[in-house]
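User: Hello! I'd like a close look at the aromatic rings in this protein, please.

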Amino acid sequence: MQVYDTTLRDGAQREAISYSVVDKLAVARLLDEFGVGFIEGGWPGAMPKDTEFFRRARTELDLKHAVFVAFGATRKAGVRVQDDPQVRALLEAETPAVTLVAKSDLRHVERALRTTPEENLAMVRDTVEYFVSEGRRVFLDCEHFFDGYRFDPQYTASVAAAALAAGAETAVMCDTNGGMLPSLISRTIAEVRERLAVALGITPEEAVARLGIHCQNDTSCAVANTVAAVEAGVPHFQCTANGYGERPGNADLFAVVGNLQLKLGMPVLPDGCIEQMVRVSHAIAEIANIAPDTHQAYVGSSAFAHKAGLHASAIKVDPVLYNHIDPSVVGNDMRILVTEMAGRASIELKARELGVDLAGNPEALSRVTTRVKDLEARGWSFEAADASFELLARAELADGTVPRPFALESYRVLVEHREDGAVVSEATVKVRVRGERVIATAEGNGPVNALDEALRVALTRHYPELSRFQLADYKVRILEGSHGTGAVTRVLVETHSTGTDWTTVGVHENVVEASWQALVDALSYGLSRQVRV
């Protein structure tokens, strides 16, 4: 099997992605750690950044698993291959392998290239032979292969045959427009292998072994199409990390590898590499400045998250019953979500996940289950607020006797719009801390920030560790079924401290009160965690 990654070229065509040279070097290292066989670095000569990347890669990349590949086009029509500047730039990249792109749809040959079918075949043969004579491994991407095959099967197959006869290692069938379905892929490959066998004088099995597949995702079938091609005997498949690419993207490297290795038992990656899947996926997403897809197969944080109580009951007996694989195989974890759908099993498993043992206290488990369902019905959402759920569970386990680090007497928030246009918020809090009544006032850039600052002023003398807590995110949502300025709001607060984050929730008709609830839980959880640590 040949795992060919084109994240740095085709994947970089995704909207909003713009890799720097340093970014590309980092992504290449990650892909090599994941164990891919080939890394396509870009198009030297066509883009200055790619030319610089290949220059630096020669000295800065020490690949352990992958072969480095440069991408470019066949020679131009009517130009000798030795005289084509783009061909020279491709050669000067000094990569062990090159991938050439060629038109394989007769309509594109005549309308886009504006040349003859015969000249297009000569362009393929000349360029492949040139790079083979220079000691390069050569792959040919047959652009628009499947659409071209439907229009004129004989000509499209002849492009692949010309490349293979000239010494190309693989002719890659590209679903450039992404319009294919798995059954169409399988049917086309069955026909193409027969045509190539006749054209090259080899067996159909030998012919299909020299084919590759490259699928776009315009029908949401890129992964399925790629797997179908491999099942049809194609050993070379091209993907991008996280499915990045133009329009809806490309076949997702991680889903394809996971399906082939874990479902079909194909030895796709070197030993020990598939466990790096989640780490590599998320690291590449961070470099691309794109939030990881939480619902992405295999690698998403929700890929093994269970919400329904029925699922949790079965998982409590055996996690395999509702997980299609062991999440740890790809570096992921199973999560139990606590919602209004949760039953006792969900609550028990989630509490255990957070270090709270409710299994031995059925009365506390019943209280927590009832409390969660009641709060969820009123708008709380604990599936995204583990810290608030843990505080609730610990309180019920102790029958409500768990002391809070402080108690509220009252708070007040003022918002002043001044004559110069400045808007200033001021908050005053009155709390009791370790038997002492404390009053503190602070300003902020909004009422919630002012409350947060005032609360910290009141508590820091007793709890200096609060200085390490930072408000990392603040989300407000109007709950469904409520409207206008009097609507019920849900507030989620994410707090960061050294090496960890936690999220808390508050719900109220007044957004400031909802925020206060979430802030109190955030600080209470952080302080209680310091005590437990």
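Which cluster do ring pairs link together here?

Analyst: Happy to take you through that; please keep in mind that this is a predicted model. The cluster consists of Y4, F38 and F139, linked by ring pairs. A pair of aromatic rings is described by the distance of the centres and the angle of the planes. For Y4 and F139 the centres lie 5.8 Å apart with 80° between the planes, which makes the pair edge-to-face. Because Y4 belongs to strand 1 (residues 2-5) and F139 to strand 5 (residues 137-143), their pair ties together parts that are 135 residues apart in sequence. Y4 and F139 are both buried.

If you count pairs whose ring centres lie within 6.5 Å, the model has 14 aromatic pairs.

The charged end of R9 is placed over the ring of F71, at 3.8 Å from the ring centre. K24 has its charged end over the ring of F53, and there the distance to the centre is 5.0 Å. So for your close look, the cluster to start from is Y4, F38 and F139, with the edge-to-face contact of Y4 and F139 tying strand 1 to strand 5.

How values were computed. Residues numbered from 1 in each chain as written. Predicted model: local features only at pLDDT ≥ 70, side-chain atom pairs only at ≥ 80, totals over all residues. Heavy atoms only, no water. Phe/Tyr/Trp six-rings, centres within 6.5 Å; stacked < 30°, edge-to-face > 60°. Helix = DSSP H or I, 4+ residues; strand = E, 2+ residues; numbered from the N terminus. Buried < 20%, exposed > 50% of the residue type's maximum accessible area, 1.4 Å probe, protein only. Lys NZ or Arg CZ within 6 Å of the ring centre and 35° of its normal.
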